Amino acid sequence: MNKLSELEAILFVVGDEGIPLEELSYLLEMTPARVYPLIQELNQSYTADETRGLQILEVGNQFILTTKKEFAPLLQRYAQSPMSNRLSKAAVETLAIIAYKQPITRIEVESIRGVKSSGSIQRLTALQLIKEQGRVDGPGRAILYGTTDYFMDYFGLKSMDDLPDIKQMEDELSDEMPKDLFFDRFKDEVIHSNNEGDE
């Protein structure tokens with residue numbers, strides 16, 4: 001394991017919120033002056049290799065691992081594909097948390113679910129069920145997520161007051177998220193696995 005692979009792993013895990021140079025420096029146990037050239041080196045390896053579909057973007061003080069722009073039409077087709085419109089159990093759980101707790105950050109979603117949720121959030125964003133609703137004031141400027149008008153239309157809601165009462169559902173919860181709104185909608189589409197994480 002080397003520093004380039006460690007850097008790549010960190011960028012992959014933090015997802016679309018990105019990570020500041022100072023935090024990368026702390027995690028990699030290197031000075032920022034040594035980490036920045038490492039980021040450039042990794043990004044150059046992506047750029048030079050036509051078989052790689054990734055790139056690193058620097059947005060403000062955040063570094064984000066994302067797909068190359070030439071793959072946008074392909075990823076748009078994926079998002080619109082009937083075969084991709086199924087939501088996993090993880091995505092449905094994430095959507096329910098965002099609906100009830102919005103605006104909410106990815107880290108807060110993950111603290112509730114207990115597992116990484118960046119993949120589910122990216123999926124829900126691509127399906128236009130959630131969107132960015134601002135950023136947290138403070139270090140990192142984490143993205144705040146909330147539901148969209150399409151979410152309201154999709155579930156036949158006139159307002160967020162039409163969501164089932166959370167207190168009543170909390171009394172009925174066992175090990176799963178509420179079934180009456182989200183799971184009923186996707187009951188034939190939820191993908192189950194023995195040890196499902198985020199994908």
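**Briefing: backbone exceptions, a helix contact and an aromatic pair**

Phe63 is buried (under 20% relative accessible area, with over 50% counting as exposed and values in between as partly exposed; 1.4 Å probe, protein chains only), its relative accessibility being 2%. The model is predicted, so local features need pLDDT of at least 70 and side-chain atom pairs count only at pLDDT 80 or more, while totals for chains, interfaces and linings use all residues. Residues are numbered from 1 along each chain as its sequence is written, and side-chain values use heavy atoms, with hydrogens and water left out. Helices (H or I, at least four residues) and strands (E, at least two) are DSSP runs numbered from the N terminus.

**Aromatic pair**

- One aromatic pair is present in the structure, where pairing requires ring centres of Phe, Tyr or Trp (its six-membered ring) within 6.5 Å.
- Tyr36 and Phe63 form an edge-to-face pair, because their ring planes stand at 65°, with the centres 6.0 Å apart; planes over 60 degrees apart count as edge-to-face, under 30 as stacked and the rest as tilted.
- Tyr36 belongs to helix α3 and Phe63 to strand β3 (residues 62–67), so the pair ties together parts that are 27 residues apart in sequence.
- Tyr36 is partly exposed, at a relative accessible area of 29%, whereas Phe63 is buried.

**Packing of α1 and α3**

- Helix α1 (residues 3–14) packs with α3 at an angle of about 80°, the axes being 10 Å apart; axes are lines fitted to C-alpha atoms, for helices over the stretch in contact, and angles run from 0 to 180 degrees between N-to-C directions.
- This makes α1 roughly perpendicular to α3, a term covering 65 to 115 degrees, with under 35 counting as roughly parallel, over 145 as roughly antiparallel and the rest as oblique.
- The contact (heavy atoms within 4.5 Å) involves Lys3, Leu4, Leu7, Glu8 and Leu11 of α1, together with Leu38, Ile39, Glu41, Leu42 and Tyr46 of α3.
- Seven of the contact residues are nonpolar (Ala, Val, Leu, Ile, Met, Phe, Trp, Tyr, Cys and Pro), three are charged (Asp, Glu, Lys and Arg), and none is polar (the others, Gly among them).

**Backbone exceptions**

- Most residues other than glycine have a negative phi, and most peptide bonds are trans.
- Gln102 and Pro103 are joined by a cis peptide bond, with omega near -5°, and Pro103 sits in the loop between α5 (89–101) and β4 (104–105).
- Glu29 has a positive phi, near 55°, in the loop between α2 (21–28) and α3 (32–48); Glu29 is exposed, at 69% relative accessibility.
- Gln128 also has a positive phi, of about 65°, and is placed in the loop between α7 (118–126) and β5 (130–135); Gln128 is exposed at 52% relative accessibility.
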